[in-house]
Amino acid sequence: MGAPPVVVVIMSAVTATVGGMVRDVLCDETPLILREEIYATAALSGGVLYLGLRAAALPEAAVAGLTIVAVSAVRLAALRWGVHLPSFRVEEAG
């Protein structure tokens with residue numbers, strides 16, 4: 001579509017996270033983005049991977065397919081082996 005690379009990466013993360021938040025809110029669950037799971041990170045890395053594969057001049061079908069497989073693999077591996085990002089916790093003043 002001719003968008004700058006930074007817009008592609010940001011929109012890939014925004015689309016994935018907002019879509020997931022809407023899903024979770026409609027199901028009356030805590031959104032995944034607010035938990036320690038690898039979610040937005042996988043979406044951001046997917047955007048970067050997509051741009052890298054496009055820059056390698058691969059066919060569009062291969063670029064899309066490889067990106068989908070890679071992001072899904074990262075997400076599923078994180079769920080399977082319990083890999084998560086560190087979380088920030090604010091301790092109450094005593």
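α3 is followed by glycine 82, whose phi is positive, near 65°. This is a predicted model, in which local features need pLDDT of at least 70 and side-chain atom pairs count only at pLDDT 80 or more, while totals for chains, interfaces and linings use all residues. Residues are numbered from 1 along each chain as its sequence is written, and side-chain values use heavy atoms, with hydrogens and water left out.

Helices here are DSSP runs (H or I, at least four residues), numbered from the N terminus. Buried means under 20% relative accessible area, exposed over 50%, and partly exposed in between (1.4 Å probe, protein chains only).

| Helix | Buried residues |
|---|---|
| α1 | Val9, Ala13, Thr17, Gly20, Asp24 |
| α2 | Ala42, Ala43, Gly46, Gly47, Leu53 |
| α3 | Val63, Thr67, Arg75, Ala78 |

Arcs are taken from the directions from the helix axis to the C-beta atoms. In α3, the buried residues fall within an arc of 80° seen down the axis, so they line one face of the helix. On the other side of α3, Ala61, Ile68, Val69, Leu76, Arg80 and Trp81 are exposed. The cover over the buried residues of α3 includes α2, where contact means heavy atoms within 4.5 Å.

α2 has 16 residues and reaches 23 Å from its first C-alpha to its last, close to the 22 Å expected at 1.5 Å a residue; the expected span is 1.5 Å times one less than the number of residues. Its buried residues fall within an arc of 145° seen down the axis of α2, so they line one face of the helix. The face of α2 turned away from that side carries the exposed residues Val48 and Ala55. Both α1 and α3 are among what covers the buried residues of α2. Alanine 57, which follows α2, has a positive phi near 60°.

The 22 residues of α1 should span 32 Å, and its end C-alpha atoms are 32 Å apart, which agrees. Seen down the axis of α1, its buried residues fall within an arc of 60°, so they line one face of the helix. These buried residues pack against α2 (40-55). Thr15, Val25 and Leu26 are exposed on the face of α1 turned away from its buried side. Just after α1, aspartate 28 takes a positive phi of about 60°.

Valine 22 lies in α1 (residues 5-26) and counts as partly exposed because its relative accessibility is 46%.

Note on methods. Helices (H or I, at least four residues) and strands (E, at least two) are DSSP runs, numbered from the N terminus.
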